[in-house]
Amino acid sequence: MRLTFNGGPREHDPGPDDTAADVIRTVFGATGTKVACGAGVCGACTILVDGEPKVSCLLPAAHLDGTEVTTVEGVGGDHPVQRAFVECDALQCGFCTPGFVTEAVAFHDRWRKDHQGTPSREEVADALTGHLCRCGAYENIIAAVRQACAGVFDDREPVPARVEAPAKVAGTAEYTVDVTLPGMLHGAIVRSRLPHARVTVKSPEMSAAGRPVAGFVRLLQGDVVRYTGQPIAAVAAETPALARELAERVTVDYEALPSVVDPEEARRDGAPVIFADAAAQKAAPSSAEGAGFPGRWRANVRSGYASAWRGRTARRRLDAAEERNAPGYFAATFTTSGQSHTALEPHASVADWRPDGLTLHVSTQALPHVKAAAAKRWNPPKVEVVAQHVGGGFGSKLGLSTDVVAAVELSRQLGRPVRVAMSRAEELTDTGYRPGTRSELRMLGTPTGGLAAISLDVSGHGGVSTGSMVATLGLLMYGRGPRHFRDRDVIGNAPPASPFRGPGGPPFAWAVEQGVDEIAHRLGADPLKLRRTWDGNRRRRALYEIAAELPLWRDRPATPQTGRYRRGVGAAAANWIYTADVDTKIELTVRDGRIIARTATQDIGTGVRTVIRNAVREVFPDADVVVEVGHSDAPHGPVAGGSRSTASVGPAARDAAGKLAAHLGGKPVGEAEGVTVLGERPKDRRGSAIPVSMDHLRVGRGLAGAVHITEVEVDTLLGHTRVTRVWGGIAAGTIYNRAAARNQCEGGIVQGIGYALYEERVTDPRTGVVLSANLEDYRLPGVKDSPEMTIHFHEDGWDHVPGGGVGLGEVCTVSVAASVGNAVFNATGFRPLDLPIRPDRLLEGMPR
């Protein structure tokens, strides 16, 4: 095979099964081309073949013979599209960015050849259909392409919206899946084919090609598997293909045990018991973020945290209201499906075990946790963790995942580096998901007196995991009226769930915020005014007032409407706890006239590098600031979870900059060569009303708030719902990086729309096989599903917090799905109780 590759001649003799992506990445070394889905669905692997965009993960390598191939590296880094992406902040984690850039370059060049002016939003979206951004940065992507096509970036250098943007748009940012070490082997995981069984496992001695097996390790603790896809063992070989072949040849003998997958079946008397004794129950995985609450087991039902404030009064009022059919009383059962994290960079690790210690390259959002956990588990002389760039996480990459354990165990056994990377099917099967829920809600409200009583009983459906904490969030919303909440887990033979952006928040809002909306409808009250009456949080009250004056809200239609296409507008509110890593430190060193900022955290697309740089530049506005994150040998930094990153690194960076300025005493930075200072995150000025600390994490006083106003168009003939506009009000105090914060909030809206309308994790109730284990069957929102979005930041009310601001990555998505549900009701008169709002459900439930 001969071709022109990025402007130069190349030759290669590909194998019959080699894809273009395989050759480009492993032979030609152009790792800017990413493989995420392997099925031509996500667009991350897009290349140009004779100027035309092609998905390289499906393209046989032999078809490149005689062609001219251009990857994102070959575009050069200075194309107007790339300049626009850099300045318009058209990215977050960046894993999908090379594919978007390559497709957009082709569209731009065609457009500029045949047109003048700016393409419409719809034209750009049509061109980029087939590309997925799990972070949801679609609004800025569309804006960047439109500006590039209009010639805005023809003759001007961009001002990067974030530090790492130039590397991401040029394809030079290195992710864990791009790391290749000398002598590296590849690992594959052997997984259970039954939902419940006692197993024995034996390693093959030879591969089918007659080669000896390089390595084999057992991963299963004990001899019982409890879900289809559970890791049993891992093997290593010279190539990924050979490793997969060896995994198929591992002998696993199964003694099938009774199983139950469906949670409704699992809770019935006589169902097979999955965790039969106290030891097994204690070892069950957790879907909670942080420490969960203790619980009591009865067969497959684990009763977790029950909380009440005047609970008997709440139940008495609710019973009486039901009996007399009070106008402010509402009761319903809401359900949600599991939502898969679906980070486009899969879970991946490269472990290098040597006599002097362990080096781990890992796609993680918890670099300090991984280092501590690895040191505790394996006790090597030294642990070094590296995560230069991370292609998304959303809560799924918070610990020692299976890929890490397998890579380390194999490397320790073999004395060579080993890479283990999940396939997309593995990613969608066994890396966690937001648990499904069943929520029994009862509410009683009055137009003026507030929330008179509320009861919420939630069953979490997280497979073999425990830790549902949905109902517990009711303690934090709508004042101190009588209330009773209960969380329980219903265990089934399905893969374990794990924390997902705003754990428990979206299913809580799905039930409660629709309850508020329904009560307002029954009382004839304005839903925003009713919330303002009930809600004592002054930050959210400010958002209600602003939202109430929006034309989008004032001009909402009456319910119900007629006609095929119906417009609806809905509102929903949310809060989230304020957390911070109180031990965060930022080291500043003056080197070669530059300020080097270091901390042991990672950037998963939230813009941590830029927050640190901007904080330092508040004191040294003209300094060349280089930010180094993603390496565990730096001073302690925060985990990217719980909306804590910005609230931790921002104040610490400001403290470090202040200390450096004090040391310089007015002298230029260039006269302080070699000087090092260590900044720390200051304490809250008025302390913490919730003095809870664990593993560096502090829960602080106050709740971030959000209000979402969402407009939908419902096609009542086909049952299709389209979100057209969203206003998001966010009360999180001072914004450190406005562009990245807006980008985060828009991404949260897109993920909330996916939760509301498309995303549905489906498991076969008999075999336990996850049926939605690819990106064709697990539908993510795409660029054409992205509405027009307006974000408003309310920055008051956080004077007691260092820096004056808290995290917003979770609160910005919690109430989105509920606002979609309320908008659907406004349009059709149908109150959706089950997520996602599928067309069949809408058509069946809509009033005739």
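Phe330, Phe334 and Trp510 come together as one aromatic cluster in this predicted model. Looking across the whole structure, a search turns up nine aromatic pairs. One of these joins Phe275 to Trp297 in an edge-to-face arrangement, with 5.9 Å from centre to centre and 75° between the planes. The two partners come from distant parts of the chain, 22 residues apart: Phe275 belongs to the loop between helix H9 (263-266) and helix H10 (278-282), while Trp297 is part of strand E12 (residues 296-298). Their surroundings can be read from the accessible areas. Phe275 has a relative accessible area of 5%, so it counts as buried, whereas Trp297, at 22%, is partly exposed.

Aromatic rings also meet charged side chains here. Arg539 sits over the face of Trp798, 3.9 Å from the ring centre. Arg831 does likewise over the face of Phe825, at 4.1 Å from the ring centre.

Stepping back to the fold as a whole, the protein chain is built with 24 helices and 32 strands. Its radius of gyration is 27 Å, close to the 29 Å that the globule rule gives for 848 residues, so the chain is as compact as a globular protein of that length. Along the principal axes, the C-alpha atoms fill a box of roughly 80 × 70 × 60 Å.

Among contacts with a separation of 6 or more, 78% involve residues 24 or more positions apart.

Note on methods: Residues are numbered from 1 along each chain as its sequence is written. Side-chain values use heavy atoms; hydrogens and water are left out. Rings of Phe, Tyr and Trp (its six-membered ring) pair if their centres lie within 6.5 Å; planes under 30 degrees apart count as stacked, over 60 as edge-to-face and the rest as tilted. Helices (H or I, at least four residues) and strands (E, at least two) are DSSP runs, numbered from the N terminus. Buried means under 20% relative accessible area, exposed over 50%, partly exposed in between (1.4 Å probe, protein chains only). A charge sits over a ring if NZ of Lys or CZ of Arg is within 6 Å of the ring centre and within 35 degrees of the ring normal. The radius of gyration is taken over C-alpha atoms; the globule rule is 2.2 Å times the number of residues to the power 0.38. Contact means heavy atoms within 4.5 Å.
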